[in-house]
Amino acid sequence: MPNYDFDPANYENKEGGGGSNLLPAGKHIVRVIDHELGESSSGLAQVVVDFQSSDGRSRKAWLIAEGKAGFQFASLLNACGWTSKINLAQSGMIKRAIYGKDVEIVVAEDTYNGKTSLKVKWINKAPERGASGGRRSEPSSGGYGNSAPPEPYDDDPPF
């Protein structure tokens, strides 16, 4: 019979490395594999998106989908090539817009309320494949209002 008494303090935090299934800091080509519609702590519509890379590692992003911060979800739609209105309550419509499309995410450290953790900071169009099948190296666009900035960059975007 399994032991159901679990203490997370018995385990080292391995976010983003050391055998973790989470995508570490850096740029990653990923696909949306799941989403949930929710509400942010301030009461705004929010889409929680699960990204997964080809090696099976993943990362979640909490994207505001209304008000001034609505550019967060818009950046994902733009990176997926979706430019039409979308009804967030229709799960099938969101799936058509974002599932199965390659995008580039940038995972970086973010400090919120004094706690630093890794999060999806930028969402861009995936670089186009060249004739040889490799990825082109030109910067992509469509991230959270802008393409991911060149290194080093401002760790405190306006959202």
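**Contacts, core and loops in a predicted chain**

Colleague: Of the contacts between residues at least 6 apart in sequence, what percentage join residues at least 24 apart?
Modeller: In this chain, 45% of them do; a contact means heavy atoms within 4.5 Å.

Colleague: What am I looking at, and how are the residues numbered?
Modeller: This is a predicted model, in which local features need pLDDT of at least 70 and side-chain atom pairs count only at pLDDT 80 or more, while totals for chains, interfaces and linings use all residues. Residues are numbered from 1 along each chain as its sequence is written, and side-chain values use heavy atoms, with hydrogens and water left out.

Colleague: What average pLDDT does the chain have?
Modeller: The average is 80, and 69% of the residues score at least 70; pLDDT is the predictor's confidence in each residue, from 0 to 100. Residues 14-18 fall below 50, and that stretch has 10 contacts in the model beyond near neighbours in sequence. Residues 131-159 are also below 50, with 57 such contacts. Where pLDDT is low, the predicted coordinates should not be read in detail.

Colleague: Fine. How many helices and strands?
Modeller: The chain has 2 helices and 5 strands, in the order β-β-β-α-α-β-β along the sequence. They are DSSP runs numbered from the N terminus, helices being H or I with at least four residues and strands E with at least two.

Colleague: How much of the chain is buried?
Modeller: Buried residues are 36% of the 159. Buried means under 20% relative accessible area, exposed over 50% and partly exposed in between, with a 1.4 Å probe and protein chains only.

Colleague: And which residues have the most contacts inside the largest nonpolar core?
Modeller: Phe51, Leu76, Val103, Ile105 and Ile123, in a core of 26 residues. The elements giving two or more residues to this core are β1, β2 (45-53), β3 (58-64), α1 (71-79), α2 (91-98), β4 (102-112) and β5 (115-125). A nonpolar core is a set of buried Ala, Val, Leu, Ile, Met, Phe, Trp, Tyr and Cys residues joined through side-chain atoms within 4.5 Å.

Colleague: Take Leu76. What does it touch?
Modeller: Leaving out residues up to four places away in sequence, Leu76 touches Val32, Val49, Phe51, Leu63, Ile98, Val103 and Ile123.

Colleague: And Ile105, where is that?
Modeller: Ile105 is in strand β4 and counts as buried because its relative accessibility is 0%. Beyond residues up to four places away, its contacts include Leu23, His28, Val30, Phe51, Trp122 and Ile123. Ile105 and Ala25 are 80 residues apart in sequence, with their C-alpha atoms 9.9 Å apart.

Colleague: His28 came up there. Why does it count as buried?
Modeller: His28 counts as buried because its relative accessible area is 12%. It is found in strand β1, residues 26-39. Its side chain reaches the backbone oxygen of Pro24 at 2.7 Å. Besides Ile105, the residues His28 touches include Leu23, Val103, Glu104 and Val107, not counting those up to four places away in sequence.

Colleague: Switching to α2. Which of its residues are buried?
Modeller: Met93, Ile94, Ala97 and Ile98. They cover an arc of only 110° around the axis, which puts them on the same side of α2; the arc is that of the directions from the helix axis to the C-beta atoms. These buried residues pack against β1 and α1. Just after α2, Gly100 takes a positive phi of about 75°.

Colleague: Which non-glycine has a positive phi?
Modeller: Asn113 has one, of about 50°. Asn113 is in the loop between β4 and β5 and counts as exposed at 70% relative accessibility.

Colleague: Last one: Ser40, buried or exposed?
Modeller: Ser40 is buried, at 8% relative accessible area, and lies in the loop between β1 and β2. Leaving aside neighbours within four places, Ser40 is in contact with Gln46 and Ile64.

Notes:
A polar contact is a pair of N or O atoms within 3.5 Å; within protein, one must be able to donate a hydrogen and the other to accept it, and residues adjacent in sequence count only if both atoms are side-chain atoms.
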